[in-house]
Amino acid sequence: MKITKQDLEKIGRFTKKEMSPDELYVFSLILCDNDIDRDGEKFTADSLEKLASLIIGKTGIFDHNMSSKDQIARIFDAKVTRAENRLTADGETYVFLSAKAYMLKNEKNRDLISEIEAGIKKETSVGCSVKSIKCSVCGRDIRSGACAHKKGEIYDGKKCCHLLCDPEDAYEWSFVAVPAQRNAGIVKAFTPAAAADRELEEYRAELKSGVISNAASLIPQTGRELINKICDSLHLAELRELRNSLKKDAERNSPLCIQLASPEKAEKETNSEYII
Ligand SMILES: [Zn+2]
């Protein structure tokens with residue numbers, strides 16, 4: 001991708017020294033869209049606009065591998081695009097958030113850059129927090145408990161979903177490697193729904209196993225099947241809250257665990273965090 005003068009100016013806000021185009025590698029990627037994912041949730045078009053401003057300056061990681069600290073790219077530009085000829089599952093004009101990122105063109109990044117160019121690294125995810133999650137039918141915040149609608153069910157001909165509204169922060173974005181043959185190119189080949197679904201599925205499974213293992217030690221009389229059912233009925237944010245509180249209780253009950261536990265990444269206590 002050719003680096004324009006405007007690109008260089010925007011990148012300059014994040015680099016300590018002025019960079020020449022030869023030192024940089026710039027690529028485009030799509031981060032998320034307004035279609036309903038398998039968890040029955042979607043960003044609104046307004047949320048995407050907000051995310052576009054929040055994501056600028058954020059660094060991305062590859063394959064969720066936090067240890068490869070040198071392999072990072074930073075988003076320096078982002079925009080929301082309307083695809084007038086495409087509709088979402090709930091009949092809205094398809095809107096997506098795309099970004100431009102740069103990384104250093106050095107020896108360490110050489111393989112990664114070739115992979116990006118070959119279309120191997122293409123699926124992305126964004127970690128962000130939202131202020132509210134609203135029911136698409138009645139507009140109530142689903143965390144208020146006042147909404148009786150069910151995700152995925154049809155009301156007046158429209159499928160109910162949860163709207164991720166008012167993003168407050170975007171933490172990071174990441175690139176997930178997939179085989180090159182499946183699709184080619186970064187922007188063109190992007191399948192946001194599939195990427196987001198997998199992320200969410202993995203995240204849900206991780207939270208669930210955390211709940212199950214802590215519940216086994218804290219409330220051993222409660223059957224695993226019941227715990228499973230409870231987990232499945234919870235919203236992702238609620239499941240996360242339950243996992244966190246059980247984990248804290250378990251640590252309190254077991255001083256040895258505290259001693260052995262490695263310092264964990266600080267997690268916000270608000271139940272509004274999402275990995276999308
Ligand atoms: Zn509702």
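The protein has 7 helices and 10 strands, where helices (H or I, at least four residues) and strands (E, at least two) are DSSP runs numbered from the N terminus. Please keep in mind that this is a predicted model, in which local features need pLDDT of at least 70 and side-chain atom pairs count only at pLDDT 80 or more, while totals for chains, interfaces and linings use all residues. Residues are numbered from 1 along each chain as its sequence is written, and side-chain values use heavy atoms, with hydrogens and water left out.

Of the 276 residues in the protein, 43% are buried; buried means under 20% relative accessible area, exposed means over 50%, and partly exposed lies in between, with a 1.4 Å probe and protein chains only. If we take the contacts (heavy atoms within 4.5 Å) with a separation of 6 or more, 72% of them are between residues 24 or more positions apart.

Let me turn to two aspartates. Asp156 sits in the loop between strand 7 (154-155) and strand 8 (158-159), and at 85% relative accessibility Asp156 counts as exposed. The phi of Asp156 is near 50°, a positive value in a residue other than glycine. Most residues other than glycine have a negative phi.

Asp166, by contrast, belongs to strand 9 and is partly exposed, with a relative accessible area of 35%. For Asp166, too, phi is near 50°, which is positive although the residue is not glycine.
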